Amino acid sequence: MKRGELVFIPFPGVGHFVSSLEMAKHLVTQDHRLSISIITIKIPGFEPPNKPYIQSLPFSISERIKFIEISEEHKLDSNPNQNPVQFLTSFFENMKPHVRNAVKNLIVSFSDQPDSPTLAGIVIDMFCTAMIDVADEFGVPSYLFFTSGAGILRLMVHLETLSTDQNKDITKYKDEPDAELVVPGFVKPLPVKVFPDTLLDKVACPLLLGLFRDMRRTKGFLVNTFTELESTMIDSLAKDNSIPQIYPVGPIINRNPNNDQNEINIVTWLDSQPSSSVVFLCFGSRGSFNGEQVKEIAMGLERSGVRFLWSLRKQPQKGKSSEPEEYTDFNEVLPEGFLDRTSEIGKVIGWAPQVTVLAHSSVGGFVSHCGWNSTLESLWFGVPMATWPLYAEQQINAFMLVNEFRLAVEIKLDYRRGLDEGTTVIVKAEEIEVGIRKLMEPRNDVRKRVKDISEKGKKALLEGGSSYSSLCRFANDVIDNIT
């Protein structure tokens with residue numbers, strides 16, 4: 001029997017890494033012929049996943065998923081103050097010799113093991129396309145694991161085609177803020193105002209499109225989505241002969257995270273609330289707002305009269321960290337008397353155990369930044385969303401959720417905040433109140449559609465489901481390619 005070893009090279013950010021590890025768990029659970037080595041790389045400014053999470057793998061899986069850490073002693077010439085895309089492109093180019101050595105040592109270790117597997121391929125993150133060269137050097141195929149959805153992938157492939165084949169300068173859309181673009185696979189034209197900031201940046205855009213051009217050199221795209229959610233985007237990608245094979249394998253989420261002791265107090269509070277009565281506000285691992293915006297959110301919540309659980313975190317200090325910080329006293333930022341007036345219906349917390357909260361029966365709505373992991377988690381647990389995107393591709397996700405899939409209500413679609421600087425746009429309490437009231441209506445059509453897609457997402461991962469079958473197809477293709 002052929003046995004294959006895949007090397008995963010995830011982007012070190014928590015969201016990307018967790019998706020990659022969960023993907024690896026699905027793969028080795030589903031196909032006993034495969035084992036996986038995950039190369040972990042530390043990047044300045046990105047917090048790696050905590051060790052308890054990595055060490056929580058069940059024994060049956062941990063025997064076939066191993067980790068190779070690139071030592072911190074490797075000093076890089078990349079400047080973290082560069083444009084983020086420029087920095088990441090340079091960073092991973094510099095990492096190629098170290099990854100090459102890690103793969104070489106892995107192959108050498110196989111020679112000392114009886115019945116050892118054969119290196120069957122390298123699975124990369126979208127930011128790690130430099131590693132395609134490493135796969136080529138070892139004569140094995142490379143594959144892309146795309147941690148976002150098919151919609152943003154369809155858009156980026158289309159824009160890269162316009163740039164390369166028609167010499168289109170994508171950044172000029174910055175001068176056409178009201179323009180709309182017809183994108184294959186999208187039912188409705190896509191407003192330029194929801195484009196990621198990087199697409200309108202003269203430095204970042206060519207580099208980002210270059211990553212998507214390089215992706216075409218891989219043998220296949222594994223995409224964290226499922227056919228029942230993004231059918232038109234997936235069909236459009238599958239019919240595009242300029243890109244490799246598409247494998248929709250989602251929804252890949254971590255359904256059993258390791259949380260800290262604060263979870264107990266939060267769950268105890270949720271246990272005391274009526275079913276589907278609580279709106280949960282949480283804006284991701286890098287989500288935070290200035291004091292003025294915090295006060296508007298507080299007023300909107302109070303006026304809505306809805307029960308709430310609000311994950312509120314302080315903006316990072318400039319030049320020190322890109323991660324939000326915890327408040328020592330919420331009163332320093334909230335309107336005077338807010339905590340007292342809402343004590344019967346609301347709870348303000350810092351960091352939130354998001355999956356645990358979304359899984360709780362008392363939660364009936366989620367005001368979200370629309371990161372793809374958060375989107376899939378919310379859909380998995382059947383919780384409708386109100387959109388409030390912040391950065392990266394989140395505006396695209398918000399647009400799709402509201403206009404393409406009709407699985408969310410809108411607070412904002414085009415709100416945006418750079419990772420390192422604030423925004424002058426303030427969402428007013430009135431908009432927030434209206435959005436929350438609409439979200440929490442018990443019999444709205446969005447709620448019904450979310451419950452339906454939740455069941456379809458779960459079935460997709462079961463034997464015979466669309467994503468289960470797609471992952472089987474991928475595993476067979478990997479094994480068949482072993483010489």
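Modeller: Let's begin with E22 and K25: both are buried, meaning under 20% relative accessible area, where over 50% is exposed and in between is partly exposed (1.4 Å probe, protein chains only). Keep in mind that this is a predicted model, where local features need pLDDT of at least 70, side-chain atom pairs count only at pLDDT 80 or more, and totals for chains, interfaces and linings use all residues. Residues are numbered from 1 along each chain as its sequence is written, and side-chain values use heavy atoms, with hydrogens and water left out.

Biologist: How far apart are the closest N and O atoms of E22 and K25?

Modeller: 3.1 Å, in a salt bridge, which takes a Lys or Arg side-chain nitrogen within 4 Å of an Asp or Glu carboxyl oxygen. Both sit in helix α1 (residues 14–30), 3 residues apart, about one turn of the helix. Helices here are DSSP runs (H or I, at least four residues), as are strands (E, at least two), numbered from the N terminus.

Biologist: OK, new topic. What does R217 pair with?

Modeller: D136, at 3.0 Å from N to O. R217 is in the loop between α7 (204–215) and β8 (220–223) and D136 is in helix α5, so the pair ties together parts 81 residues apart in sequence.

Biologist: How many salt bridges does the structure hold?

Modeller: 22.
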